[in-house]
Amino acid sequence: MSKPRFAYYLAGGCAGCDTSLIDTSEKLVKFLENVELMFFAPTVADFKYKDLEALPDQSVDFGFFSGNVRNSEHEHMAKLMRRKCKTLIAFGICASLGGIKGLVNLFPQKELLKKAYVETPSTDNPEGVLPSPKVTVEGKYELDLPVLKPAKALDQVVEVDYYVGGCPPSYNHIKWILEKLLSGDLPPKGSWLTMGKAVCDVCPRNPIRHGGIKKRPTEVKRVLGQMPEDVCLLEAGYLCLGPVTQGDCSAACLRVNVPCRGCGGPIPGVRDFGVKAISTIATAMGSVDVLKKIPDPIHLFYRYSLPKSSVIKPKE
Amino acid sequence: MKKLVVEPITRLEGHGKITVFLDDKGNVEDAFLQVVEFMGYEKFLQGMPMEEVPRTASTICGVCRAVHFTASLKAADQIFSAEPPPAAKKIRELLLLAHHIEDHTEVLYALGLPDFICGPTAPPQERNLMGVAKKLGKEIVKDILKKRFSAARIVEILGGKPVHPAAAVPGGWAKRVTEEEKEEIERLSDDLIELGKVSVELFKEVVLKNPEYSKLLKEESFNVVTNYMGTVDENKKVTYYDGTQVVVSPEGKEIIRFTGKEYLNVLAEKTLPWSYAKFPYLKEVGWKGLKDGKDTSLCSVGPLGRLNVSEGYSTPLAQKAYEEMVEFFGGKPIYNVFAYHWARAIEVLNQAELIKEILKSPEFTDENVVTPPRKVTGEGIGIIEAPRGTLIHHYWTDEEGLVTDANLIVPTTINNGSIQVSVKKAAKYFIKNGEVDEGTLNLIEMAHRPYDLCLACATHVYPGHYPTNVVIYKGGKKVKELRNY
Ligand code: SF4
Ligand code: SF4
Ligand code: SF4
């Protein structure tokens, strides 16, 4: 039997997903021995874009797409990857839900650019020049840049077969995924590739796992000062999003005493992570009023999924 | 007039690109390295509680994430006026050192050294980690990767996750280190000392002992003469987490010393419309354009910048390696771009030795890891040395500690001008009479790789592998196409 063909592309991400893939070390080496690597850019290997383009459509078995879609180049590549790959996997929370980098959608592009290229105190730009898609330097050198757009999750551009949460997915989770791919043991299309537990289910602090009950938090606390060990952080008022987040990270943050911020993606059945997180926290606190006490709820509830929010629309 | 243009095709994929323009004789007139992505953190962090920023800002780059994390955390200390207790400082410093090692290793073995190990004009398909494995042996490379993971594992133990660390608390650290964890770190750190030694030796073996390559190290065309910046301790030795920022002139004379907010008197950034990365320069000299030489206003940072501003390293093995290197070049400052890789290898050794020193300190496992916040000051600046050079995070907040404004200057941006000069020099050196082939293309690329190949922070791309795509036009007609990806 011929080996399955594999492709990987990083778009508007930070390469943390790639790094995490590399962190699977020996597992990755084994995986690569078992697949035919067709494309991997722009990291790790010097594969050529034209190599991907030259492949027949639908000839790659598994394509991983990491990072969100933020400009014209990413968009082009998303479409190309979709065309070439039988199974396209949104790898990491940027590709799945837009990621932290999706927070750009809180502001119009113009304001984002003005801040970075004109207004910051170290910038020397009295003429207010902005980077521009087409520029002629010294009247003769023509140069162009990709056009910026509001951030999108991959499935807002092309159809996606599977989603993987995590910023980045933990290397143990990736090892599990690589095995699933090789054995062909995959859930129905459209699913998240997850071990199916919430962060709370794998959290060593969960009182229910120790036969106790979760108490209602009575105040809203920020991550300042000495962090409590052992107790449930949500109970203690730290607004941990563990109850609504996939726990393929083994509750990594809770093990170092900080609350979950939701990078794992939503537990099954949830369409809008932010809405679910808000209702869960409000219910836990026993009142919607508590939401008013949360400083900056958008950066908390939609930190990783703003582009997929059904209530907040991107500014152009 | 016939014009020959070397121009990359765009709108494909890629996060950075080089365009070289040729005159009608086919010689280089100008060259541009463009950064083609833009993130906008300075704006979209607005509104966020400052204590949440480190976990968020680390995603500026997944390769050098721990540095954005640490720099913004230092700024958060000031905003909540809480000086971290000794144990927390040591934990942060150790995390930063381990992160440097893991990052430097990746740059050396996966990205920089393949040019030398596999040959600068080897086909691009072979010039990578796989090619290195073929040349040096699979076992050696596996061993290097395993030792590199030891560094990543240390980041995981201390920060909760190996990629984006989580354990940030202003004024300290969210978790103390247990004795068992310390023992594991101790075991892992033995690997790192070995890794440092191997890296320095390998550089000497592969580059210095090869006459063709050691010639490149002494080649004028690969000298980029600029000011240099780095962070030093009270003995003028290279340091990473905390210290004083020093700038030396192209002649190597100390011209500026600064800490914290004073950076605003030292650096300014020019916006040019053809790149999403700005072009920092020394305010004192004033903007002189993208030129190197005696009166340049450009400033370079990174392993070579640190080496040039300092009097070496505070640890014995690294210091010895440093002396050898300075002797090879016959003194300082060292301008050769490939010297970055050498300094990088020495730093791995230095950082591993520094980790060993921290582990000796009994404070490391102390239970007190947080100073409670006092009043909100509304402003904080964190400056640290990232693998790629000096990194500055500056935040303003309201009285609740919610971010109202931010200013970030990342090392790859500081190097932006120097990289342009380096690429142009290499292009001029290698392209003569319009003759260009794939090998030439890589030689040009080799001139930016030592800066860490990485427009990581400026472009959030994995170091060095942003694709370069070159198309040659003659009289407006495409005659040749070259791609390195
Ligand atoms: S999901 Fe996180 S780690 Fe992955 S690319 Fe996005 S920001 Fe980076
Ligand atoms: S809410 Fe957070 S701290 Fe509490 S059990 Fe769930 S994951 Fe753990
Ligand atoms: S605990 Fe939550 S925020 Fe932390 S890694 Fe897991 S899913 Fe992500």
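**The second largest pocket**

The second largest pocket holds about 550 Å³ of space. Its lining counts 38 residues, and those closest to the pocket centre are A:C249, A:A251, A:A252, B:G160 and B:K161. Keep in mind that this is a predicted model.

Where does the lining come from? In chain A, α7 (171-183) and α9 (252-255) each supply at least two residues, as do α7 (138-159) and α8 (179-208) of chain B. The largest share is from α9(A), with 4 residues. By class, the lining divides into 16 nonpolar, 12 polar and 10 charged residues.

Now domains. Domain 1 (5-100 + 150-192) and domain 3 (199-308) of chain A both give residues to the lining of the second largest pocket, so the pocket lies between these domains.

Next, what sits in there. Ligand 3 does, and ligand 3 lies between chains A and B. From chain A, the residues around ligand 3 are V199, T245, C249, C253, L254, C260, R261, G262, C263 and G264. Chain B gives B:R55 and B:K161. The shell around ligand 3 has 6 nonpolar, 3 polar and 3 charged residues.

Last, ligand 2. There are 13 residues around ligand 2, and A:C200, A:C203, A:C232, A:L233 and A:C240 come nearest. The shell of ligand 2 is made up of 9 nonpolar, 2 polar and 2 charged residues.

That's it from me.

Definitions and conventions
Residues are numbered from 1 along each chain as its sequence is written. Chains are lettered from A and ligands numbered from 1 in the order in which they are written. This is a predicted model: local features need pLDDT of at least 70, side-chain atom pairs count only at pLDDT 80 or more; totals for chains, interfaces and linings use all residues. Side-chain values use heavy atoms; hydrogens and water are left out. A residue is near a molecule or strand if one of its heavy atoms lies within 4 Å of it. On a 1 Å grid over the protein atoms alone, a cavity is a set of points where a 1.4 Å probe fits but cannot get out, and a pocket is an open set with protein on both sides within 12 Å along at least five of seven lines; lining residues have an atom within 4 Å of a point. A molecule sits in a cavity or pocket if more than half of its atoms lie within 2 Å of its grid points. Ala, Val, Leu, Ile, Met, Phe, Trp, Tyr, Cys and Pro count as nonpolar, Asp, Glu, Lys and Arg as charged, and the others, Gly among them, as polar. Grid points are joined across faces, edges and corners, and a volume is the space filled by probe spheres set on the points. Domain bounds come from an automatic or database domain assignment.
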